[in-house]
Amino acid sequence: MRNKLGLVFFPAFDWAITPTHPERQERLLYTRDQIVEEGLLDIPDIIEYRPRLAAISDLERVHIGIPTIKSLITDAHLVSAGGAITAADAVLNQEVKRAFALVRPPGHHAMRMVHGTRGFCTINIEAVMIEYLRKHYGIERVAIVDSDVHHGDGTQDIYYHDPNTLFISFHQDGRTLYPGTGFANELGSPGAWGTTVNIPLPPGTTDDGLHYIYDNLIVRMLEDFKPDIIINSAGQDNHYSDPLASMAITAQGYARLADKLQADIAVLEGGYSIQDALPYINVGIILAMAGMDYSQVVEPDLDRKKLTQSSRITSYIEGLVRNWQEIWTNREKLRQEEIHKSKGLWVQNRSIYYDADGIMEQQRQEVHLCPHCPGYFSVATEANGPNIGYQSAYATVLSALSCPQCRRQAKDQLSANKKTGNYQYYFLQDKQADILERL
Amino acid sequence: MLLGIDVGGTFTDAVVIQGQQIIVQAKVPTSHDNLLEGLLLALDEILRTVKAGQLERVVLSTTLVTNALVQNEIDDVGLIIIPGPGMNVSAMFPKTPITVNGYIDHRGRRAGVLDTQEITKCKQLAEYSIFAVSGKFSVRNPLLEQEVFNMLNDAYHPLHVSLGSQISGRLNFVRRTNSAYFNAAVWHKFNMFAEAITQALAQRDIVAPVYILKADGGTVPLILAKAQPVEAVFTGPAASVLGIMALHHSCGDVISLDIGGTTTDIALWQDGVPLFAERGANIFSYPTAVRAFWLKSVGVGGDSFVRRQNGNLQIGPMRLGPAMALGGENPTVTDALIVAGKANFGHKQLAELAMKRVANTGQSPVDAADEVLASVCRIIVGAINDMITEHISQPVYKVEDIINAVKFDPQLVVGVGGAVKGLAPLVAKEMGIDSFIPTGSMVANAVGAAVARPTIDITLRADTEQGYYSIPELGLRKSISGARFSLASARELAFDCLAAKAQEINIPQTDMEIMYEEEFNVVKEFYTSGKIILCRVQLKSGVLMPVLGKEVW
């Protein structure tokens with residue numbers, strides 16, 4: 001059966017981080033060639049949309065930019081975030097059944113607090129889209145499946161305290177690849193414990209391993225979570241030919257995943273084998289999402305014999321899945337234990353590195369748990385970098401459902417903090433009022 | 001003197017233009033069984049005033065190809081495709097294809113070997129004398145198509161083989177395949193026609209070069225059209241757009257209407273230039289690579305049948321006969337125009353009778369006529385607005401093009417066609433802009449044909465990393481020496497090739513223009529290793545000169 005698919009294709013042919021950077025003008029050139037040559041844009045059930053521009057207020061629903069988010073981005077970022085929003089609108093307005101925002105620049109390494117660009121990302125285009133959906137369509141429960149080879153640490157950061165967002169990321173093990181996070185013990189802060197799911201995979205994992213995880217773990221998580229909407233962060237660098245990673249997934253593996261997942265909205269993330277992988281993976285995903293036959297989408301250089309998964313990897317993955325199944329089954333009990341242990345306050349200190357700008361950030365997050373509401377949290381940040389020098393900020397984040405008492409307490413704490421003057425900038429991100437207020 | 005002949009659905013028109021004036025015109029009924037008869041009738045009428053030797057150029061716009069397709073008077077074509085991996089295309093063409101293994105990838109590299117056995121062993125192929133061959137990415141490298149072509153020639157000695165890469169230099173395998181198929185299907189019919197017209201002109205001592213009008217409004221020498229007859233599909237609307245261009249110097253953004261008996265063709269003009277269908281025209285429901293003006297056809301015109309159903313007015317799309325005012329049996333839009341005082345012919349009483357038939361209880365014939373015309377306007381304006389929305393929301397692939405988005409701000413409705421006089425001003429009024437109906441609009445199509453510019457277009461793609469460039473329309477693939485080849489060199493080379501081609505087919509080499517270009521660095525392991533450059537150039541289309549719209553009866 002066919003489904004109408006909305007396609008927001010925006011290759012940003014005039015945008016690059018630097019001319020020879022993997023995120024350069026050429027990145028989606030061969031994908032454009034393949035899509036056009038296949039004739040996909042003439043299929044009546046595939047409707048191409050022109051991306052709109054996202055507004056700064058759309059970005060500030062998610063991000064706190066230092067000193068402002070506007071100063072850190074280019075127009076291209078507004079187009080790619082706007083492209084994701086365009087895709088989401090098309091689905092929610094029921095013009096199409098599903099949509100694929102095949103756009104760049106990508107976003108899944110961008111965290112809530114932004115000092116610059118890290119992992120090729122400045123703003124998190126999925127999160128901007130999701131918060132837009134929550135604001136404009138009243139969507140509550142969102143599941144994100146991140147199929148990029150790199151851990152989606154930005155998306156994880158943004159939703160780490162949100163029990164209504166299930167973030168599932170499978171990726172090459174952080175011990176062997178940027179950004180070095182995404183281990184199975186990163187599970188969310190106590191109030192949202194178990195809604196962050198990391199599945200670190202050994203290099204060399206093939207389609208078999210990936211689909212074993214999907215069939216035996218992810219499918220059940222999605223069923224249990226009962227999301228209103230499923231988002232796929234459709235990174236494509238698990239491909240066997242990707243120059244930045246070491247996995248062994250094929251275009252068929254990706255297309256079958258898209259077919260099984262049937263995400264409402266897919267958003268492109270990474271993927272840097274721009275000639276040998278992206279043209280085929282993207283055609284595969286488009287066909288699978290449109291409910292069309294993708295079985296003939298095969299890389300011309302594919303040699304399946306070279307892509308067999310070692311028994312060591314297979315048993316490692318089986319163990320990982322067993323482990324996760326147990327956590328998932330007991331997640332409610334374990335969550336209560338975490339909440340109990342926290343005694344109302346959960347604190348995390350960490351360092352965050354911005355590879356593109358050479359910025360080192362020290363961050364402290366404090367989550368204030370409340371028995372009546374999702375509570376609130378604060379982020380204190382200090383960063384150093386060659387272009388920014390030293391900059392610091394303190395922000396308090398109120399959820400749309402924070403209770404009056406939490407709201408009062410949060411604001412008091414923020415103004416007390418401002419009085420000390422320890423930080424250069426102070427922010428209140430208030431989801432209920434839908435504003436980012438600079439104090 | 002320039003002669004233009006337009007074989008339309010109802011009439012065949014001929015005009016001779018000299019010094020921007022129509023000096024002779026002729027109109028005869030189109031002879032549907034044999035288009036040539038009516039065409040020659042019109043020609044002979046012209047030749048009563050003008051000497052054959054005075055004609056400098058003859059341009060024909062005919063429905064021959066369209067009719068052949070609509071009436072299914074086409075040849076059975078052996079369709080051979082080389083799709084390689086990708087979308088399942090087996091059910092996407094007008095004809096079930098024979099699939100051959102082999103693959104050229106997006107860089108034009110041979111990525112899968114041609115399976116020749118399927119061609120030599122396939123018994124089915126022996127039944128055909130005409131073939132179409134199309135391979136994915138053949139515009140990047142026509143090698144596999146050419147190998148199949150050679151094999152077919154050796155094994156079956158066919159009359160004709162259409163190759164996808166020569167029909168269009170642009171990406172889109174499905175469109176090229178459909179184009180090649182339709183091209184092959186009408187090849188024989190068109191060539192018979194070309195033969196007959198050549199003879200008939202010779203008999204009349206006409207030695208002027210003969211051109212055929214294409215769907216994109218350009219003309220090509222008959223000899224070239226014989227190889228690519230599919231481009232002569234849908235020339236009627238193209239002639240109409242050119243006629244408007246010749247009769248009215250448009251500048252700014254314009255909406256043009258050709259309001260005929262049962263349909264209204266709408267075109268948008270940006271900065272005085274008609275917009276093209278970006279990817280190509282559809283033939284039936286099949287997308288093709290045939291370049292054409294971007295037109296929307298709505299099913300309302302002067303003869304559209306008007307009736308009231310469940311209290312609601314219904315207009316068209318069918319025609320049941322002429323207006324009641326002209327002796328027809330059913331109410332039409334023309335009857336409404338007459339009653340509303342927007343047209344002045346036929347029997348007014350009969351037109352009033354027609355409006356009484358569609359009037360609500362208590363509604364006067366004049367009010368009913370106004371209601372009919374308001375409905376017609378709504379349909380046309382609705383279609384215009386849809387087109388404008390579609391145009392300004394065309395996907396674009398650069399940030400710059402999002403930030404500086406194209407705007408369309410129409411200032412004028414220009415109309416031609418039978419029912420235009422009454423309707424175009426109403427449409428313009430509804431949109432709050434002016435309207436203009438050029439005189440001579442009744443023979444606009446023939447005028448358009450007479451003064452249409454000869455055009456050809458080519459696509460040059462250079463891949464300096466692999467060290468070659470190709471121009472598929474010319475069947476060309478040549479080496480280049482890498483380092484210094486730039487976009488500027490690509491342009492220069494493309495213009496040279498275009499000029500050489502123009503010279504070869506004996507058309508003027510003036511007014512070359514760039515239609516599209518792009519340039520990308522190819523980066524390998526953080527070093528720029530070459531460039532990919534695309535440059536599409538053409539001999540500018542449009543009209544040779546403006547024509548004063550003074551009819552000469």
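This is a predicted model: local features need pLDDT of at least 70, side-chain atom pairs count only at pLDDT 80 or more; totals for chains, interfaces and linings use all residues.
Two residues count as in contact when their C-beta atoms, placed from the backbone, lie within 7 Å.

Residues are numbered from 1 along each chain as its sequence is written, while chains are lettered from A and ligands numbered from 1 in the order in which they are written.

Val372(B) and Ala336(B) are also among the residues with the most contacts inside the largest nonpolar core, which has 161 residues. Such a core is a set of buried Ala, Val, Leu, Ile, Met, Phe, Trp, Tyr and Cys residues joined through C-beta atoms within 7 Å; buried means 20 or more other C-beta atoms within 10 Å of a residue's own, exposed means 12 or fewer, and partly exposed is in between, with C-beta atoms placed from the backbone. Apart from this core lies another, of 137 residues, including Ile46(A) and Tyr376(A).

Now for a contrasting spot. Not counting residues up to four places away in sequence, Glu56(B) touches Met1(B), Leu2(B) and Ala208(B). Its C-alpha atom is 9.4 Å from that of Val210(B), although 154 residues separate the two along the chain.

Finally, the two chains meet: the contact takes 35 residues from chain B and 38 residues from chain A.
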